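Hi everyone, thanks for coming along. Today I'd like to walk you through some charged pairs in a structure that may be new to you.

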Amino acid sequence: MAYSFRITEDYCEASLALEKAGYAWTPRPGDWMLDRDDASVGMLTLPVQDHAQVKRLNVHIPTYVQVSAMLENLEVREVRDREITFMLGDCVAARFGCDEFQADEGLCRLKALVAALQLKAQSPRA
């Protein structure tokens, strides 16, 4: 299993979708981020003094490990069969073909996280 991710345009778009799905980021050193103004990518290297300003100016680009932790926190299960399916309770949050998943596992997992957050927001139990 790969534990990496590639910061591509698609990954940045999925990071924006994650924010729109309700993800609340607490900026910390080591976090990757996308500048809202010029779409440049950078990493926080120093402790953050003004979290609100960092969040106003940037979007978090979560790493593979951070996405995994968020999926686990939401109790999203990954089922591997003919397809890779991400389940939130009894509901399918996202499904990917094996070739698509193998080509960019990090992106698929981030998209699954976005879908799970959206599904949770729509759930009457949420």
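Let's begin with a term: a salt bridge is a side-chain nitrogen of Lys or Arg within 4 Å of a carboxyl oxygen of Asp or Glu. What we have here is a predicted model, where local features need pLDDT of at least 70, side-chain atom pairs count only at pLDDT 80 or more, and totals for chains, interfaces and linings use all residues. Residues are numbered from 1 along each chain as its sequence is written, and side-chain values use heavy atoms, leaving out hydrogens and water.

Searching the whole structure turns up six salt bridges. One of them joins E19 to R36, with the closest N and O atoms 2.4 Å apart. E19 sits in helix α1 (residues 9–20) and R36 in the loop between β1 (32–35) and β2 (41–43), so this pair ties together parts 17 residues apart in sequence. Helices (H or I, at least four residues) and strands (E, at least two) are DSSP runs, numbered from the N terminus.

Now, which residues are linked in a network of salt bridges? They are E78, R80, E105 and R109. R109 meets E78 at 2.6 Å, N to O; R109 is in helix α5 (residues 105–122) and E78 in strand β4 (residues 76–80), 31 residues apart. E105 pairs with R80, the closest N and O atoms being 3.7 Å apart.

Finally, buried means under 20% relative accessible area, exposed over 50%, and partly exposed in between (1.4 Å probe, protein chains only). R109 is buried at 7%, while R80 is partly exposed at 47%.
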